[in-house]
Structure formats: structure tokens, C-alpha cells
Amino acid sequence: MTIDELRAKAAHRRQTCSQIKKMIVSRLDLEIEPGWITDDQPLFGRGLELDSLDVLELYVAIEAEFGVALYDSDMAVFGSVSRLADEVDPTLRAPA
């Protein structure tokens with residue numbers, strides 16, 4: 001992969017993560033700026049402190065905004081914005 005391809009992929013990841021952050025703040029009516037959420041910040045627990053009702057809302061929001069259906073077995077993707085980005089756009093995943 002060339003440096004230009006890496007830069008383009010990084011820019012695409014930043015854009016996707018930014019879109020997810022805006023969606024989270026908007027759909028959950030959070031009183032914070034999307035930019036305050038880091039890509040690897042936990043969404044549960046000591047992170048954003050989301051709960052199970054928030055996850056249900058995010059399931060619906062992700063399907064509506066990204067056209068990706070998530071299932072109960074996919075709870076791990078709600079670990080962070082970065083994990084959600086990898087799930088909504090598999091091209092962002094690091095090679096195994």
C-alpha cells in the first residue's frame with residue numbers, strides 16, 4: 001500500500017468516526033460535543049456511560065444511517081467508536 005493510499009484510508013476512517021460520533025450525540029441527545037468523544041473511548045462504563053436502551057437506539061440509528069444490520073451477537077462492536085467504524089465499513093479494518 002502506498003503512502004497516498006494510507007493517507008486516503010486514514011482520512012476515510014476519520015470521516016467515518018466523525019459521522020458515528022455525530023450520530024451518537026444526536027440520536028441519544030447527549031449534551032456534549034461530538035469532538036469530545038475519542039475514537040477508542042469506551043461507550044459503556046467509565047466511557048460515555050451508555051446503557052442497554054442507548055444500544056437499542058444505536059442499533060436502529062446504524063441501520064438507518066449506514067445500512068448495516070447488527071445483531072445481539074455483535075455487542076462487542078459497541079466497545080468504541082473505532083470498533084463501530086470497523087463494523088459499518090469493513091474496508092477500515094486493519095489487515096489480519
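1. R7 and D4 sit three residues apart, about one turn of the helix, and both belong to helix 1 (residues 3–27). Helices here are DSSP runs of H or I with at least four residues, strands are E runs of at least two, and numbering starts from the N terminus. R7 and D4 form a salt bridge whose closest N and O atoms are 3.9 Å apart. A salt bridge means a side-chain nitrogen of Lys or Arg within 4 Å of a carboxyl oxygen of Asp or Glu. R7 and D4 are both exposed. Exposed means over 50% relative accessible area, buried means under 20%, and partly exposed lies in between (1.4 Å probe, protein chains only).

2. A word on the source: this is a predicted model, in which local features need pLDDT of at least 70 and side-chain atom pairs count only at pLDDT 80 or more, while totals for chains, interfaces and linings use all residues. Residues are numbered from 1 along each chain as its sequence is written, and side-chain values use heavy atoms, with hydrogens and water left out.

3. The structure contains four salt bridges. Side chains of opposite charge can pair when their charged atoms come close.

4. Another salt bridge brings together the side chains of E57 and R27, at 3.4 Å from N to O. E57 belongs to helix 2 (residues 52–66) and R27 to helix 1, so this pair ties together parts that are 30 residues apart in sequence. E57 is partly exposed, at 28% relative accessible area; R27 is also partly exposed, at 34%.

5. The largest nonpolar core has 24 residues, of which I20, I24, I62, F78 and L84 touch the most other members. Such a core is a set of buried Ala, Val, Leu, Ile, Met, Phe, Trp, Tyr and Cys residues joined through side-chain atoms within 4.5 Å. Helix 1, helix 2 and helix 3 are the elements that give two or more residues to this core. Leaving out residues up to four places away in sequence, I24 touches L30, L43, L48, L58, V81 and L84. Contact means heavy atoms within 4.5 Å.

6. T16 is a residue of helix 1. T16 is buried, with a relative accessible area of 5%. Its contacts, not counting residues up to four places away in sequence, are A85, V88, D89 and L92.
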